[in-house]
Amino acid sequence: MNGYTHHSVPTQFVEANGIRFAYRRFGKKEGVPLVFNQHLMGNLDSWDPAVTDGLAQGREVILFNNAGVASSTGEIPRTFSGMATNAGHFIDALGLSQVDILGFSIGSMVAQMIALQRPELVRRLILVGSGPRNGENVLLTPESQEIFGKKYINPDDFWLEGFFTPSAESMAAGRAFLKRRDARTEDRDVENTQKVAEAQLAASAEWSNQDGERFAYLRQIKQPTLVVNGKTDIIVYTINSFHLYQGLPNAQLILYPDAAHGSIYQYPELFVAHASAFLRL
């Protein structure tokens, strides 16, 4: 897929375990591919081209819709463990024996489970806007519930309020992100339905359940991990990034100033530099 960019790469499909997965694959075919796992209600067009194209300069990037999301078929599991199993089927269908995983928001919870289920498959992890199982109000904060429950005349206001801080600088970065995100005009992905949101929120609720000793499972994730967030995330409280950093055996932590859940979209060039350096180690 050399020569393609975020805006020009065609959507492809691959069958695995009875599911037809939609994906886009592009970038420099060197080293270990980087597989992106998306946030709540996200699809192939939800990623920031400044991030995907930036990372594609040094490696192959693979964007995909998990089972039942947007243009992929199948039923959406109501647990992140089930979503991780399906993600593993997708990666296997591409014939990949080792990958790096980037997970954003609920995609980061799925990424943790992929690393637990398939440790031989995952070389390195990047967890963005993330939290551990039974963390501090992960995805179910009072602020997030207010945002999810609002009726927005302009749908973009939902993403601005959830992903960025109220400061003028952060709002300007948010509007720039939305312009980049929406610049692709051909072969756009289909929008998600309310059914997708319901299943993903059910998985988020299940993630809050205690499973043995709190955070003990993190010790089993041995892969080098980069934990990234904004200083004031109201969707997944930033304290959860500290929990991950402290609980994972081989983790680094980066917090961006005056940033929230969408920190990597507020600082795309800086994030690409940090992530690229981490992946080269």
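**Chatting through a helix crossing, a hairpin and some rings**

Visitor: Hi! How do the axes of H1 and H10 come together?

Guide: Hello! In this predicted model, helix H1 (residues 49-56) and helix H10 (residues 268-280) have axes that come within 9 Å and cross at roughly 35°.

Visitor: And is that crossing left-handed or right-handed?

Guide: Right-handed, as H1 passes H10.

Visitor: Which residues meet there?

Guide: From H1, they are Ala50, Val51, Gly54 and Leu55. On the H10 side they meet Pro268, Phe271, Val272, Ala275 and Ser276.

Visitor: How many of those are nonpolar, polar or charged?

Guide: The contact of H1 with H10 has seven nonpolar and two polar residues, with no charged ones.

Visitor: Switching to strands: are E1 and E2 parallel or antiparallel?

Guide: Antiparallel. Strand E1 (residues 12-16) pairs with strand E2 (residues 19-27) over five bridges.

Visitor: What is the bridge partner of alanine 16?

Guide: That's isoleucine 19, in E2.

Visitor: What about the turn, how many residues lie between E1 and E2?

Guide: Two, and the strands form a hairpin. Asparagine 17, in the turn, has a positive phi of about 55°.

Visitor: Nice. Now aromatics: how many pairs does the structure hold?

Guide: It holds 17 aromatic pairs. One of them joins phenylalanine 80 to tryptophan 207, edge-to-face, at 5.5 Å centre to centre with 75° between the planes.

Visitor: Where in the chain do those two sit?

Guide: In distant parts: phenylalanine 80 is in helix H2 (residues 80-93) and tryptophan 207 is in helix H7 (residues 194-207), 127 residues apart.

Visitor: Is phenylalanine 80 buried or exposed? And tryptophan 207, buried or exposed?

Guide: Phenylalanine 80 counts as buried because its relative accessibility is 1%, under the 20% cut-off. Tryptophan 207 is buried too, at 1% relative accessibility.

Visitor: Which other ring does tryptophan 207 pair with?

Guide: Tyrosine 217. That pair is edge-to-face, with 6.1 Å centre to centre and 75° between the planes. Tyrosine 217 lies in the loop between H7 and strand E7 (225-230), 10 residues apart from tryptophan 207.

Visitor: Why does tyrosine 217 count as buried?

Guide: Its relative accessibility is 15%, and buried means under 20%, so tyrosine 217 counts as buried.

Visitor: One last thing: which residues do ring pairs link into a cluster?

Guide: The cluster holds Phe104, Phe148, Tyr152, Phe158, Trp159, Phe163, Phe164, Phe177 and Tyr265.

Definitions and conventions: Residues are numbered from 1 along each chain as its sequence is written. This is a predicted model: local features need pLDDT of at least 70, side-chain atom pairs count only at pLDDT 80 or more; totals for chains, interfaces and linings use all residues. Side-chain values use heavy atoms; hydrogens and water are left out. Two strands pair if DSSP finds at least two bridges between them. Helices (H or I, at least four residues) and strands (E, at least two) are DSSP runs, numbered from the N terminus. Axes are lines fitted to C-alpha atoms, for helices over the stretch in contact, and angles run from 0 to 180 degrees between N-to-C directions. A crossing is left-handed if the near helix is turned anticlockwise from the far one by less than a right angle, and right-handed if clockwise. Contact means heavy atoms within 4.5 Å. Ala, Val, Leu, Ile, Met, Phe, Trp, Tyr, Cys and Pro count as nonpolar, Asp, Glu, Lys and Arg as charged, and the others, Gly among them, as polar. Rings of Phe, Tyr and Trp (its six-membered ring) pair if their centres lie within 6.5 Å; planes under 30 degrees apart count as stacked, over 60 as edge-to-face and the rest as tilted. Buried means under 20% relative accessible area, exposed over 50%, partly exposed in between (1.4 Å probe, protein chains only).
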